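Hi,

Here is the structure I promised to pass on to you. Please have a look at it first, and then read my notes below.

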Amino acid sequence: MALVSAKEMLEKARDGKYAVGQFNINNLEWTKSILQTAQELNSPVILGVSEGAGKYMTGFKTVANMVSAMIDELKITVPVALHLDHGTYEGCYKCIEAGFSSIMFDGSHFPIEENVAKTKELVAVCNEKGISLEAEVGAIGGEEDGVVGKGECANPDECKKIADLGVTMLAAGIGNIHGKYPADWAGLSFETLEAVKNKVGKMPLVLHGGTGIPTEMIKKAISLGVAKINVNTECQLAFQEATRKYIEEGKDLQGKGFDPRKLLAPGCQAIKETVKEKMEIFGSINKA
């Protein structure tokens, strides 16, 4: 099955009151683990790629070709979108050229007029090519792969300006942050989310920073129009912990050095378990 735009899967999620998970990929093993889990659970899935991860994997063309080939070789039949996460204006065009099926333009750090102008331009390009487009208003807090935000809540009127341009989905800051949530985190601003929803109507909304948000908050956010939830840090932490345990247990018993395939296996299994847990919470299982 070829890569697909995220548009149809998100509209189905919005109408069905569940959310599609975006899980960021960093290498072949992570990609394989997420695709296999999505297929096993019959769930649509979005593979997120930050610009830093794209550079690490030698470029966006490498990523797009790897994912497309893996879908073919693994006989993946569930809908899969390959999505640029927090893309710059220049990065969006690189991913469009490379064959991504979905992009995010993060213009939240620009004045609203510039965010609108650049987003409007990208809407026209993406519509022509059948690519889904995510825009952002109100910076997501914390830092992820060099993207830093203060966690401002979005202005609902500015959200409407961006939504009216015809983007596929909208990420609105509602107090969510990247990375681990601090003990004194105030929680999601559902007041802001409701105000944004009232302004943008049926536009599918996106919740970044899905790691560590309590299940009841996630389900309430879904009930208020969130149709896509991003998870990255939780997979990173699970992979790190499983790999650390494998090394500490001294599996290199023959003195030949660690077999990289065996070394990475526990981390990959931990990612599978994390993705499954999140898909159950998001309600996307058997929704492909």
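What follows is a short tour, from the whole chain down to one residue.

Please keep in mind that this is a predicted model.

**Overall fold**

The chain is built from eleven helices and ten strands. Its radius of gyration is 18 Å, close to the 19 Å that the globule rule gives for 288 residues, so the chain is as compact as a globular protein of that length. Along the principal axes, the C-alpha atoms fill a box of roughly 65 × 45 × 35 Å. Of the 288 residues, 54% are buried. If you take the contacts between residues at least 6 apart in sequence, 71% of them join residues at least 24 apart.

**Nonpolar cores**

The largest nonpolar core holds 77 residues, and L82, F100, I103 and L170 are the ones with the most contacts inside it. Helix α4, which spans residues 60-73, gives the most to this core, contributing seven residues. There is also a second, separate core of 13 residues, with A6, L10, Y18 and V206 among them.

Leaving aside residues up to four places away in sequence, I103 touches H83, L84, C92, C95, I96, L122, C126, I131, S132, L133 and E134.

**Helices α10 and α11**

Two packed helices are described by the angle between their axes and the distance between the axes. For α10 (residues 233-248) and α11 (residues 260-282), the angle is about 145 degrees and the axes are 8 Å apart. Their crossing is right-handed. On the α10 side, the residues that meet α11 are E234, C235, A238, F239, A242, T243, Y246 and I247. Their partners in α11 are K262, L263, L264, P266, G267, C268, A270, I271, T274, V275 and K278. By type, the residues of this contact split into 13 nonpolar, three polar and three charged.

Is E273 buried, exposed or partly exposed? Its relative accessibility is 49%; exposed would require over 50% and buried under 20%, so E273 counts as partly exposed. E273 and I34 are 239 residues apart along the chain, yet their C-alpha atoms are separated by 9.7 Å.

I hope this gives you a handy starting point.

Best wishes

Conventions
Residues numbered from 1 in each chain as written. Predicted model: local features only at pLDDT ≥ 70, side-chain atom pairs only at ≥ 80, totals over all residues. Heavy atoms only, no water. Core = buried A, V, L, I, M, F, W, Y, C linked by side-chain atoms within 4.5 Å. Buried < 20%, exposed > 50% of the residue type's maximum accessible area, 1.4 Å probe, protein only. Helix = DSSP H or I, 4+ residues; strand = E, 2+ residues; numbered from the N terminus. Contact = heavy atoms within 4.5 Å. Axes fitted to C-alpha atoms, helices over the stretch in contact; angles between N-to-C directions. Left-handed = near helix turned anticlockwise from the far one by under 90°. Nonpolar A, V, L, I, M, F, W, Y, C, P; charged D, E, K, R; others polar. Rg over C-alpha atoms; globule rule 2.2 N^0.38 Å.
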